[in-house]
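Q: I would like to learn how to read this structure. Please take it feature by feature.

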Amino acid sequence: MSIPKQAGSTLTEDSAGDGEVLLRVSGLKKHFPIRKGLLQRQTGAVRAVDGIDFEVRKGETLGVVGESGCGKSTMGRLITRLLEPTGGTVEFEGRDITHLGVGQMRPMRRDVQMIFQDPYSSLNPRHTIGTIVGAPFKLQGVQPEGGVKKEVQRLLSVVGLNPEHYNRYPHEFSGGQRQRIGIARALALNPKLVVADEPVSALDVSIQAQVVNLLDDLQEELGLTYVIIAHDLSVVRHVSDRIAVMYLGKIVELADRESLYTAPMHPYTKALMSAVPIPDPKRRGVKSERILLRGDVPSPIAPPSGCRFHTRCWKATEVCRTTEPPLLELKPGQRVACHHPENFQDQQPQDTVLLSVAKEAAELVADEVLAESAETSAAVAAVAAEVSEAAEAPVAEDASEAAAAEDDAEAPASEDVTDGDNK
Ligand SMILES: Nc1ncnc2c1ncn2[C@@H]1O[C@H](COP(=O)(O)OP(=O)(O)OP(=O)(O)O)[C@@H](O)[C@H]1O
Ligand code: SF4
Ligand SMILES: [Mg+2]
């Protein structure tokens, strides 16, 4: 492959020492103002992204999942600087790019590229494929060795298209082929970071796998770093190294793929996971393994108080309603924002009085899921207890109203997950 691998001399080391950080996002916010009346006075704001922190390491794929409207695309547009953030910072290769102007961003545009969801509307129908894929060279004033045409033809063959089709128009291609054209365009300037917003959701299932595999192969060959956005976990499952789960403008869990799939800690992640069919023959006979989340995602104009998921969570207690849980690293490499995390010693609500919404939601949780959760939690707790025998446990509240906690309340909650509000 003739596109050279990226050099990364100015990268900073990840705090966990797990690799060089290419992109670091801190407290990132985007509030879209709502204006009304003749004077267009601001009456409120859509808090599409409301304070998120994460980093993307060089060479990795970070998957971002969450229900429709939770702010994934807005996040993608913020990190590629197609949108101006309301607050927080975006650092690329250690450089603060949060408020760079158009001129200052131009050289950066080569390094950060975006692939869009809809291959039908994202390609200009009046331009040939050659013009579309060659456009970035024109925009950036770059003259590739051997000329634009030759380079575009090379890019077309890199993404599995016939270079002879250089003069054809988008309508002459299928959805999957159009997405390959979009990928070729994104790769033209040899980017370091590619943000793919729902790159396959407009495609047939059979074609989705081909495009996902292409992205995977290109990453290996070209040393790319990806942020791949999807609304369900099945798309990012096989390609992501780490996965961030978003809910209503916040990241609620961020973990490596293995931990997220084997022991999700946020109840919302668990609900999303239960919607993904698991191709495991041992579990084929098990019925109703699904957590059906009741109702829609609440409005980002007035998100619920405390934990934003408390209006739909089957474990919600009073503290969830009043106090926003901060995103904390509860296990190595696994950050979660929850007062009563799953698969953790203190997964039981220590305040055993569930909110009424939780009692209703609990009816929707299959027994098998609860039993499995309790089993996993017990196993994890046993290992954790061995590791930290000396850890001092805080005193548990008197659980006089033990309505919902009949089973394994094996460990009391740690204080530190309840006392933050990182709005
Ligand atoms: N330009 C805008 N002006 C006002 N509100 C916006 C704008 N763009 C997005 N929003 C709102 O911000 C919220 C997050 O939108 P976003 O498109 O980021 O969600 P998403 O997670 O990508 O959803 P989907 O899965 O449907 O693509 C939504 O409530 C949306 O209506
Ligand atoms: S903090 Fe409470 S409401 Fe939010 S996810 Fe955790 S248990 Fe559910
Ligand atoms: Mg979107």
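**Backbone and loops**

A: Start with a loop. Glu198 lies in the loop between strand 8 (193-197) and helix 6 (205-222). Helices (H or I, at least four residues) and strands (E, at least two) are DSSP runs, numbered from the N terminus. This is a predicted model: local features need pLDDT of at least 70, side-chain atom pairs count only at pLDDT 80 or more, and totals for chains, interfaces and linings use all residues. Residues are numbered from 1 along each chain as its sequence is written, and chains are lettered from A and ligands numbered from 1 in the order in which they are written.

Q: What is the phi of Glu198?

A: Most residues other than glycine have a negative phi. Glu198 has a positive phi near 50°. Glu198 is partly exposed, with 19 other C-beta atoms within 10 Å. The cut-offs: buried means 20 or more other C-beta atoms within 10 Å of the residue's own, exposed means 12 or fewer, partly exposed is in between, and C-beta atoms are placed from the backbone.

Q: Where is Gln40 placed?

A: Gln40 is in the loop between strand 2 (20-36) and strand 3. Gln40 is not a glycine, yet its phi is positive, about 55°. Gln40 counts as exposed because it has 9 C-beta neighbours inside 10 Å.

Q: Is Leu354 buried or exposed?

A: Buried, with 24 C-beta neighbours inside 10 Å. Leu354 is also a loop residue, between strand 13 (334-336) and helix 11 (356-362). The C-alpha atoms of Leu354 and Thr317 are 4.6 Å apart, although 37 residues separate them along the chain.

Q: Which residues of helix 3 are buried?

A: Helix 3 spans residues 129-140, and its buried residues are Ile129, Ile132, Val133, Gly134 and Pro136. Their cover includes helix 4 (148-158) and helix 5 (175-187). Just after helix 3, Gly141 has a positive phi of about 65°.

Q: Which residues touch the most other members of the largest nonpolar core?

A: In soluble globular proteins, nonpolar side chains tend to be buried together. A nonpolar core is a set of buried Ala, Val, Leu, Ile, Met, Phe, Trp, Tyr and Cys residues joined through C-beta atoms within 7 Å. The largest one here has 92 residues, and Val133, Leu155, Ala184, Val227, Ala244, Val245 and Ile251 touch the most other members. This core takes at least three residues from each of domain 1 (12-32 + 45-244) and domain 2 (263-412). Leu155 touches Val133, Ala184, Leu187 and Ala188, leaving out residues up to four places away in sequence. Contact means C-beta atoms, placed from the backbone, within 7 Å.

Q: How many residues surround ligand 1?

A: A shell residue has its C-beta atom, placed from the backbone, within 6 Å of the molecule. Ligand 1 has 13 around it, the closest being Phe32, Ala48, Ser68, Ser73 and Thr74. Strand 3 (41-57) and helix 1 (72-79) each give two or more residues to this shell. Helix 1 gives the most, with 3.

Q: Which residues are the closest to ligand 2?

A: Cys307, His310, Cys313, Cys320 and Cys338 are the closest of 13 surrounding residues.

Q: What is the mean pLDDT of the protein chain?

A: pLDDT is the predictor's confidence in each residue, from 0 to 100. The chain mean is 80, and 75% of its residues reach 70 or more. pLDDT stays under 50 over residues 1-16 and over residues 390-423. Where pLDDT is low, the predicted coordinates should not be read in detail.

How values were computed:
Domain bounds come from an automatic or database domain assignment. Two residues are in contact if their C-beta atoms, placed from the backbone, lie within 7 Å.
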